[in-house]
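Here are my notes for your review. Please read them with the structure open.

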Amino acid sequence: MNTIFLNTKAKGITKTVAEFSKQDDQSNKQFSEFIKEQMIAHKKEGMDVFKSPRPGDDRNKF
């Protein structure tokens, strides 16, 4: 879990809106919390985002 992409899907097209990489001094828990905060921030802006291990991928939502 070194890189996470935030994707959004509209009208059947999936787009990557952000990419985040785990820093060397960051724990997995800290990185997970950071991703959650980023998802909340994007949702407040009106974007329906989901995280994915690949850019523009909607096959494996997790």
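1. Start with E33 and K36. They sit three residues apart in helix α1 (residues 28–44), which puts about one helical turn between them. Bear in mind that this is a predicted model.

2. E33 and K36 form a salt bridge. Their closest N and O atoms are 3.8 Å apart. The pair counts because the cut-off is 4 Å between a side-chain nitrogen of Lys or Arg and a carboxyl oxygen of Asp or Glu. A search of the whole structure finds one salt bridge.

3. How accessible are the two partners, E33 and K36? E33 has a relative accessible area of 36%, so this residue is partly exposed. K36 is also partly exposed, at 43% relative accessibility.

4. Look next at K11. This residue belongs to the loop that links β1 (3–10) and β2 (13–21). Its phi is positive, about 55°, although K11 is not a glycine. Please check the backbone there by eye. K11 is exposed, with a relative accessible area of 86%.

5. Move on to G56, in the segment after β3 (49–52). Which residues does G56 touch, leaving aside those up to four places away in sequence? The contacts are N7, T14 and T16.

6. L6 is 50 residues away from G56 in sequence, yet their C-alpha atoms are separated by 8.5 Å.

Methods: Residues numbered from 1 in each chain as written. Predicted model: local features only at pLDDT ≥ 70, side-chain atom pairs only at ≥ 80, totals over all residues. Heavy atoms only, no water. Helix = DSSP H or I, 4+ residues; strand = E, 2+ residues; numbered from the N terminus. Buried < 20%, exposed > 50% of the residue type's maximum accessible area, 1.4 Å probe, protein only. Contact = heavy atoms within 4.5 Å.
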